[in-house]
Amino acid sequence: MKRREFLQSSLATLLLPVAWHAQAQGQTFVTILTGGTSGVYYPLGVALSQVVGQVLPNAKVNVQATKASAENLNLLAKGRGEVAFTLGDTFAYAWSGDAEAGFPTPLKQLRTLAAIYPNYIQIVASKDSGIRSLTDLKGKRVAVGAPRSGTEINARTIFQAAGFSYAELGKVEYVSFGESVELMKNRQLDATLISAGLGVAAVRDLGAALPIVLVPVPEAVVAKIGNPVFQPETIPAGTYEGQSEPVSTVAIRNYLATHDGVAEDLVYAITKALFEHLEALVAAHSAAKGVQLERAAENPPAPLHPGAARYYRERGVLR
């Protein structure tokens with residue numbers, strides 16, 4: 001069966017809720033919740049499913065395309081998946097309970113499997129807009145991502161730390177990266193906020209069409225967020241056309257999440273497969289170059305799953 005046909009077949013299977021269990025035949029079922037097929041989570045999820053399948057030959061590992069972070073965590077809490085990709089701040093909101101982020105009650109079933117690669121907040125403005133700082137966004141037309149997406153949650157958090165809200169923007173557009181770039185090309189938008197790895201194709205495309213500037217997020221603003229999953233970072237000079245200087249920003253680490261109903265031995269095997277076959281994920285998407293075993297147990301938004309903790313102790317990265 002061709003790879004595409006296999007993936008389509010796997011996705012069709014996931015229309016039914018699937019929980020991990022061992023059947024009489026000894027087969028293990030694992031569902032990996034990712035994101036949209038055009039994003040980063042999905043190809044990494046496919047690669048992870050393949051390495052897990054290699055180390056657990058009796059396992060049936062499926063990959064599910066979703067709306068990403070918030071949906072993934074809610075599905076995990078319902079037992080409709082074993083592993084999920086998520087942004088760290090969304091994960092923290094799910095654990096503590098945040099209705100505005102899509103979690104009216106705390107999801108205390110959730111557990112952390114691993115911290116993986118960082119997303120960089122990239123606030124891109126047209127040069128003609130006059131926007132050079134966060135406060136310059138006031139009164140302007142700004143895209144913040146789809147409602148309650150990881151990007152949009154990031155936007156609200158950063159603007160609040162900078163001392164203003166959506167109400168002070170001239171217009172708020174809840175659109176995807178690609179849509180926001182098209183609006184900027186047509187002069188219907190002044191700026192867009194993107195949460196992703198560096199070198200986003202949509203931003204490169206925009207920079208080739210019109211002069212752009214990257215708006216810095218000062219370290220003082222990052223400190224006001226008061227959440228350890230947000231860390232100061234720098235977008236290196238030359239990342240995008242016309243960007244001659246490095247730009248300060250904030251990065252939010254992505255995580256792999258699981259839940260307390262998943263067996264310790266299974267999570268241990270998945271964690272081991274991830275870090276001992278990391279080259280397979282890097283081959284699937286360059287963002288996986290940011291995955292580091294030394295940082296995998298750092299600042300977990302929910303408690304580490306015992307299976308993951310066992311692996312990290314064996315490798316000496318957790319005491």
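I began with Arg-310, which lies over the face of Tyr-268 at 4.3 Å from the ring centre; I count a charge as over a ring if NZ of Lys or CZ of Arg is within 6 Å of the ring centre and within 35 degrees of the ring normal. I found Lys-108 placed over the face of Trp-95 too, at 3.9 Å from the ring centre.

I noted that this is a predicted model, in which local features need pLDDT of at least 70 and side-chain atom pairs count only at pLDDT 80 or more, while totals for chains, interfaces and linings use all residues. Residues are numbered from 1 along each chain as its sequence is written, and side-chain values use heavy atoms, with hydrogens and water left out.

Next I looked up the aromatic pairs, of which the structure holds nine (rings of Phe, Tyr and Trp, the last by its six-membered ring, with centres within 6.5 Å; planes under 30 degrees apart are stacked, over 60 edge-to-face, the rest tilted). Tyr-268 and Tyr-311 pair edge-to-face, 6.1 Å centre to centre with 70° between the planes, and this pair links helix H9 to helix H11 across 43 residues (helices are DSSP runs of H or I, at least four residues, and strands runs of E, at least two, numbered from the N terminus). Tyr-311 also pairs edge-to-face with Tyr-312, at 6.0 Å and 65°.

I then checked burial (under 20% relative accessible area, exposed being over 50% and partly exposed in between, with a 1.4 Å probe and protein chains only). Tyr-311 counts as buried because its relative accessibility is 1%, and Tyr-312 because its value is 0%. The buried residues of H11 pack against strand E4 (110-126) and helix H9 (264-276), contact meaning heavy atoms within 4.5 Å.
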